[in-house]
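Here is a short briefing to read beside your model. Keep the 3D view open and click along as you go.

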Amino acid sequence: MGIKGFVEGGIASIVAGSTTHPLDLIKVRMQLQGESPAPAAALRPALAFQSAAGTHTISIPSPPPPPRVGPIAVGARIVQQEGVAALFSGVSATVLRQTLYSTTRMGLYDILKQKWSDPRSGNMPLPQKITAGLIAGAIGAAVGNPADVAMVRMQADGRLPVAQRRNYKSVVDAIQRMVRDEGVTSLWRGSSLTVNRAMLVTASQLASYDQFKEMILEKGVMKDGLGTHVTASFAAGFVAAVASNPVDVIKTRVMNMKVQPGEAPPYNGALDCALKTVRAEGPMALYKGFIPTVSRQGPFTVVLFVTLEQE
């Protein structure tokens, strides 16, 4: 059962991740909207000079922040400026990420579920479902972090000026260049955030799916079949999106930041990124990209569990 859980979970996750990749790309672009550029030699907000009439001060207003646009506008702009194929930028990294991360988390969750379920009813109490999800998500995220970093960078590349783009050819090229240019440790940049997000997603997604499915069957709302699987999985996807979005925003920004040799990084870790984001953009900035997150997480979870249940 353990090997079967790994294989089935991996296949279902790869199918789900590949089909919902454009929504994930739009989510990443929205999460980076409004991000403050790296500090440079900025103009002072006011200039003072002496004249015969006395001291005069000229205020130089700060430039207004760029307008925020919604997911449909972001997707349309990507297609217009970069072409339809750009919606699948980084899909090779998505496949590798799902192969490493989701195969591990789904397989481990299945093993723990088999061990901790009640032998008579076959059900597992909700606290144990959450615990199993936290454990499986943490291990899976640690394994899949290099592919996650590559995926975020490849998805975000098109928003940069041409001269600043990384232009990774594939996930293999991305990983090789990160190791060569930034060191092996760059592959685990933001790993604490990846682990935290994965724990939240796995615990909320897998545990809530099992819980919703059991509730539907116990109350006799629907029979065990496609309708039950779709309903339970969409509800689970919404729960996972709400729980993970703030961590996902910070993770995206930390993974995507450029660290120039000899210069201080834009963020000194997750907490610094969170504080700078909230100060500059307000608390709701942590829910940037929520609509595409839900739009992706819902179908992703539906495809994931329907594929898994039908195998």
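Phe-290 counts as partly exposed because its relative accessibility is 23%, where partly exposed is the range between buried (under 20% relative accessible area) and exposed (over 50%), using a 1.4 Å probe and protein chains only. This is a predicted model, in which local features need pLDDT of at least 70, side-chain atom pairs count only at pLDDT 80 or more, and totals for chains, interfaces and linings use all residues. Residues are numbered from 1 along each chain as its sequence is written, and side-chain values use heavy atoms, with hydrogens and water left out.

**Aromatic pairs**

- The count comes to three aromatic pairs, a pair being rings of Phe, Tyr or Trp (its six-membered ring) whose centres lie within 6.5 Å; planes under 30 degrees apart are stacked, over 60 edge-to-face and the rest tilted.
- Tyr-209 and Phe-305 are a stacked pair, with 3.8 Å from centre to centre and 5° between the planes.
- This pair links distant parts of the chain, with Tyr-209 in helix α7 and Phe-305 in helix α10 (residues 290-310), 96 residues apart; helices are DSSP runs (H or I, at least four residues), numbered from the N terminus.
- Both Tyr-209 and Phe-305 are buried.
- Phe-238 has a relative accessible area of 42%, so it is partly exposed.
- Ring pairs also join Phe-238, Tyr-287 and Phe-290 into a cluster.

**Around Ser-204**

- Ser-204 belongs to helix α7 (residues 191-218) and counts as buried because its relative accessibility is 11%.
- A polar atom of the Ser-204 side chain lies 2.5 Å from the backbone oxygen of Leu-200.
- Leaving out residues up to four places away in sequence, Ser-204 touches Tyr-209, Ala-236, Val-239, Ala-240 and Ala-243, contact meaning heavy atoms within 4.5 Å.

**Salt bridges**

- There are 19 salt bridges by the rule used, which asks for a side-chain nitrogen of Lys or Arg within 4 Å of a carboxyl oxygen of Asp or Glu.
- Asp-24 and Arg-296 form a salt bridge, their closest N and O atoms being 3.6 Å apart.
- That bridge links distant parts of the chain, from Asp-24 in helix α2 (residues 21-31) to Arg-296 in helix α10, 272 residues apart.
- Asp-24 counts as buried because its relative accessibility is 4%, and Arg-296 counts as buried because its value is 8%.
- Arg-120 and Asp-118 form another salt bridge (3.7 Å, N to O); Arg-120 is exposed at 80% relative accessibility, whereas Asp-118 is partly exposed at 27%.
- Lys-276 and Asp-272 are bridged at 3.2 Å, N to O, and both lie in helix α9 (residues 270-281), four residues apart, about one turn of the helix.
- Salt bridges that share partners connect Asp-24, Lys-27, Arg-97, Asp-148, Arg-197, Asp-248, Lys-251 and Arg-296 into one network.

**A nonpolar patch**

- Ile-3, Val-7, Ile-11 and Val-15 make a nonpolar surface patch of about 360 Å²; patch residues have over 30% relative accessible area and no salt bridge, with like charges joined within 9 Å and nonpolar side chains (Val, Leu, Ile, Met, Phe, Trp, Tyr) within 5 Å.
- Accessible areas come from the Shrake-Rupley method with a 1.4 Å probe, and for residues only the protein chains shown count as cover.
- Ile-11 lies in helix α1 (residues 2-19) and is partly exposed, with a relative accessible area of 43%.

Key
Helix = DSSP H or I, 4+ residues; strand = E, 2+ residues; numbered from the N terminus. Polar contact = N/O pair within 3.5 Å; in protein donor to acceptor, adjacent residues only side chain to side chain.
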